[in-house]
Amino acid sequence: MNSNNKDTYNNSESSTTSEVSDAQESHVEISSDLTKQTLTRKMQDIEIQRKEELTEERGTQLGMHYINLLGFPIGPETLAVIPEKFARQYRVICFFKDEAQIRIAALEPQDSGIQKIVSDFQKTFPLSHIEVYIFSEHSFEKAVELYKALPKFKPISKELALDQATLERFQKEITNFDIFQKRLQTGTVSEKLALIIAAAIRAESSDIHIQSEANEGSIRFRIDGVLQIVGTLPKAVVTKLVNRIKSIAGLKINITDVPQDGRVTVELGNEKLDVRVSSLPSAYGESIVMRLLLANIVHLSFQDLGLRGKAFDDLKREIGRPNGMILTTGPTGSGKTTTMYAMLRQLNKPEVKIVTLEDPIEYKLPGITQSQVSYSKNYTFAKGLRAILRQDPDIVMVGEIRDAETAEISVQAALTGHLVLSTIHTNDASGAVPRFLSMGVRPFLLAPALNTIVGQRLVRKICPHCKVPDDTLSEATLETVRSIIADIPESSQTRVDLSNMKFYHGKGCAQCHNGLRGRIGIFEVLIMNENIERVLLSEEVSEYRMKDLAHEYGMITMVQDGLIKALNGITTVAEVFRVVQ
């Protein structure tokens, strides 16, 4: 071997030896790093384990169960029961849920925020047992990361767009309910909902009822106070329709075993229609009722209510008084709210402060301060009324007097310079005074506070397009009518010729519903006076005694007012007797 080859070999050997040495050193460094990482992880694991043990000990001290959620399988629906925002705010996780129980874990189980969550769960899931566990900070941090895997849904608007062109098209198409039923079988769920609302508006319906039965579902409209079946749908389609309504009303779709309430705004071109939505569990699925709060109701004037003659003059005078109490009475759906809103519109002036307390606020009244009670927040009629009286009002409207406390405060307000408008549930005007006394209001306070009591009902009006004389009334019916009208007191300033009575009805046409279209109020207006006050203070007043006093001082009863309207061709005798007797 020559010298050159030898040098080359030596150089190569030297290089190889150096590389081996470097590799060995590198291996030692990697091994050292791995050892450090392993030791660090072990130290971290020991620290985590120590904190878990401390958390478990704390749970024992608090008398609570402990849970480690590391690797615990939590389903998306279970996790989503508590929104991520609240989970992070209160450091709480829902980790188990079935039909019988709900389990949540919290870092601070005794925190007031956790107690609020438990309280809300008890209302939303009344049939479930709710239990709170304690867990560690590390357990929470790992569990809260699971929210990243939840599907992200686009927020659902609570406004249902129904443009003017669509509304007009539907209203032109749907000329009767047979056409509505055929049209209802086509289109998407959203199109069906728009069609139902458009048809309800065209029919001037106050409520839409969607009800599931064993094999199908029915669509019913309440038109002029009477429910009518207007269409049917397969049960599977009704379920989808119910879920769509619940979605836009902000109700929970996955909750079907407890009632829920919500609200939807329907955009009608440049106008908006408020719709109250109520869901109720039933044997064959959820029942949905949608109350259409039509704007034309709030614009009804005092003159258009249907009051006439002495009753109109008396009530107009009474609502102009600076203080006292005016009550409207009647069953649900008798038009009490409409009457009170009409009185408020009559009284609403820039120089007058009007405050209302309602459950709920059905219509917005410009220039009037409106407040809504909330029983979940302990904001009741009584507490709200106390707060209202600190707002320096001239006129106060209380949606309903339901209890002794509200009745007492209302009477005191009427005695201290306020005009108080309210409603109370009795059959007629004569029953209001005994109802107040039964709630414990003292007669010497009630007598000077009470100005007027209005009893009312709503009757359907005869369609003007097909109105004809009614020759079908039996002699027995006519005799009953004569006896009721003959009993009208002379002091009422109303005279009727009993020998020349003519009544009318509607034959039925394309413009109406079975000869009837629209509604009007029938009223009785009881005006308090000194003589009635003296009787109220001197003896125990019954409903019958109040009726005798009201008759003595010229009050026309609801049935008498209704029959006079029938004689004037406004409504029918049958309709009056259906509503009043």
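Is Tyr133 buried or exposed, and at what relative accessibility? Tyr133 counts as buried because its relative accessibility is 10%, where buried means under 20% relative accessible area, exposed over 50% and partly exposed in between, with a 1.4 Å probe and protein chains only. The model shown in these views is predicted, so that local features need pLDDT of at least 70 and side-chain atom pairs count only at pLDDT 80 or more, whereas totals for chains, interfaces and linings use all residues. Residues are numbered from 1 along each chain as its sequence is written, and side-chain values use heavy atoms, with hydrogens and water left out.

**View 1. Aromatic rings around Phe95 and Tyr133.** The whole structure holds 8 aromatic pairs, a pair being two rings of Phe, Tyr or Trp (its six-membered ring) with centres within 6.5 Å, counted as stacked when the planes are under 30 degrees apart, edge-to-face when over 60 and tilted for the rest. The rings of Phe95 and Tyr133 are edge-to-face, because their planes stand at 90° with the centres 5.2 Å apart. This pair links distant parts of the chain, since Phe95 belongs to strand S1 (residues 92-97) and Tyr133 to strand S3 (residues 129-134), 38 residues apart; helices (H or I, at least four residues) and strands (E, at least two) are DSSP runs, numbered from the N terminus. Phe95 counts as buried at 3% relative accessibility, and together with Phe72 and Tyr133 it forms one aromatic cluster.

**View 2. The rings of Phe135 and Phe140.** With centres 6.1 Å apart and planes at 80°, the rings of Phe135 and Phe140 also make a pair that is edge-to-face. Phe135 is buried, with a relative accessible area of 1%, and Phe140 counts as buried at 5% relative accessibility.

View 3. Strand S5 (residues 205-212) pairs with strand S6 (residues 216-223) in the antiparallel sense over 7 bridges, pairing being assigned if DSSP finds at least two bridges between two strands. A hairpin of 3 residues joins S5 to S6, and Ser205 stands opposite Ile223 in S6. S6 pairs in turn with strand S7 (residues 226-234), again antiparallel, over 8 bridges, and here Phe221 stands opposite Gln228 in S7. The hairpin of S6 and S7 has 2 residues between the strands, and Asp224 in the turn has a positive phi of about 55°.

**View 4. The largest nonpolar core.** A nonpolar core is a set of buried Ala, Val, Leu, Ile, Met, Phe, Trp, Tyr and Cys residues joined through side-chain atoms within 4.5 Å. The largest has 37 residues, of which Phe180, Ile208, Ile210, Ile219, Phe221, Val277 and Met290 touch the most other members. Helix H8 (residues 189-202) gives the most to this core, with 9 residues. Another core, of 32 residues, lies apart from it and has Val92, Ala105, Val118 and Val132 among its members.

**View 5. Helix H14.** The end C-alpha atoms of helix H14 (residues 404-415) are 17 Å apart, which agrees with the 16 Å that its 12 residues should span at 1.5 Å a residue, the expected span being 1.5 Å times one less than the number of residues. Among the buried residues of H14 are Thr406, Ile409 and Val411. At the start of H14, a side-chain oxygen of Asp403 reaches to within 3.1 Å of the backbone nitrogen of Glu405, while just after H14 Gly417 takes a positive phi of about 95°.

Definitions and conventions
A polar contact is a pair of N or O atoms within 3.5 Å; within protein, one must be able to donate a hydrogen and the other to accept it, and residues adjacent in sequence count only if both atoms are side-chain atoms.
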